[in-house]
Amino acid sequence: MIRVGVNGYGTIGKRVADAVAAQPDMEVAGVAKTQPNFEAHTAVERGYPMYAAIPERAPLFSEAGIETAGVVDELVADSDVIVDCTPSGIGAENRSLYASYDTPAVFQGGEGSDVAETSFNARSNFEDARGADTVRVVSCNTTGLSRIVAPLEETYGVEKVRATLVRRGGDPGQNSRGPINDILPDPIDIPSHHGPDVKTIFPSLSIETMGLKVPATLMHVHALNVTLESDVTAAHVRQLLEGESRVYVIPEGLGIDGAGKLKDFALDAGRPRGDLWENCVWGESIATEGRDLYLFQAIHQESDVIPENVDAIRAMTDSADADESIELTNRTLGVGLAGDPAGFSRSGRVEAADD
Ligand code: NAD
């Protein structure tokens, strides 16, 4: 059993802990939190040992009726792998803590790429993380772009990617973020930082990205134009993407015309927290003209990186190859949406579309 500690138990951390708990070859060694808020009570209910991320705040937990198993150093010492899910920038500060206990660490996309030996997307570069002590799972947007680039590159070759990223202003609980009533080019400078981040996975890829932020919390939406190295048909690209277990090609006829209905779809299916781990590509939007491919996809920022964190742990511990790990993660979490909603069980668990 790989004992996994989760440091930082917010949007990403709580999902990573639940995903780890679902793996037959992993267990949650514990989670570290800064404060005994509602998420701390949920962690206790789920049976995750609680550690104080800031030792001086440990008394706050006992005052709130939460028993702690110790402080974060003890969690790091007791874990085979630590997954850092703290806010952007804190992960880099925690690096020396993990190194001092020789505990391999997974960082998140809010950190710079220099925080780890390699950036990671399971579909694209699993091998680069084999046996690594530090790995950075790239951001939600970079994960979403990488999952599309990998099969296109392998099948047709990619000459150039141009992507416009319409990003949610904040997650549902982030009530201090915005905009509330505006449409922001963000960053205003072109290109945005997303293209260089994708190049941490595909170093020789030619890619330019532009970003916006809008008053939404649901998902990001990407408008993609990819110039391929050979002529393609939309039908061929569609078939290719339908064969990708972490890409859901939304069938025409379901009436899913936006991110809101996608989230309803996931909630109706009983997905935990309404999560959509897959890239959601609108089937009708897949269009080609010569070597140019166009499509729209929606990315659930809170959850698409979760299966990637699980695979990163297996890569670092050298406990499975890419195909074995991806298949196991998909099966245990229920990643992979079949086009037909009748394919959902009441529990929301579905078999991978390519099973
Ligand atoms: P979050 O704010 O929801 O959660 C972070 C948690 O860490 C909070 O519970 C906070 O109290 C806690 N924390 C703060 N300081 C800490 C410390 N010193 N030690 C331990 N815990 C501490 O943040 P998040 O959205 O889960 O983001 C975590 C990381 O994941 C960031 O790098 C972010 O860029 C990345 N990420 C976020 C998203 C997203 O959309 N939310 C998507 C992909 C990647």
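A backbone N or O atom of Gly-110 lies 3.2 Å from an oxygen atom of the ligand in this predicted model. The table lists this polar contact (a pair of N or O atoms within 3.5 Å) with two others.

| Residue | Protein atom | Distance to a ligand oxygen atom |
|---|---|---|
| Thr-34 | polar side-chain atom | 3.0 Å |
| Gly-110 | backbone N or O atom | 3.2 Å |
| Gln-301 | polar backbone atom | 3.4 Å |

On its own the ligand has 820 Å² of accessible area (Shrake-Rupley method, 1.4 Å probe), and the protein covers 81% of that area. Around the ligand stand 20 residues, of which Thr-11, Ile-12, Thr-34, Arg-168 and Asp-171 come nearest; a residue is counted as near if one of its heavy atoms lies within 4 Å. By class, the shell holds seven nonpolar, 10 polar and three charged residues, with Asp, Glu, Lys and Arg taken as charged and Gly among the polar ones.

The chain is divided into domain 1 (2–138 + 306–333) and domain 2 (140–304), with bounds from an automatic or database domain assignment. Each domain supplies at least three residues to the shell around the ligand. The C-alpha centres of the two domains are 26 Å apart. Between them, 24 residues of domain 1 are in contact with 23 residues of domain 2, contact being heavy atoms within 4.5 Å.

Residues are numbered from 1 along each chain as its sequence is written, and side-chain values use heavy atoms, without hydrogens and water. As the model is predicted, local features need pLDDT of at least 70 and side-chain atom pairs pLDDT 80 or more, while totals for chains, interfaces and linings use all residues.

Notes:
A polar contact is a pair of N or O atoms within 3.5 Å; within protein, one must be able to donate a hydrogen and the other to accept it, and residues adjacent in sequence count only if both atoms are side-chain atoms.
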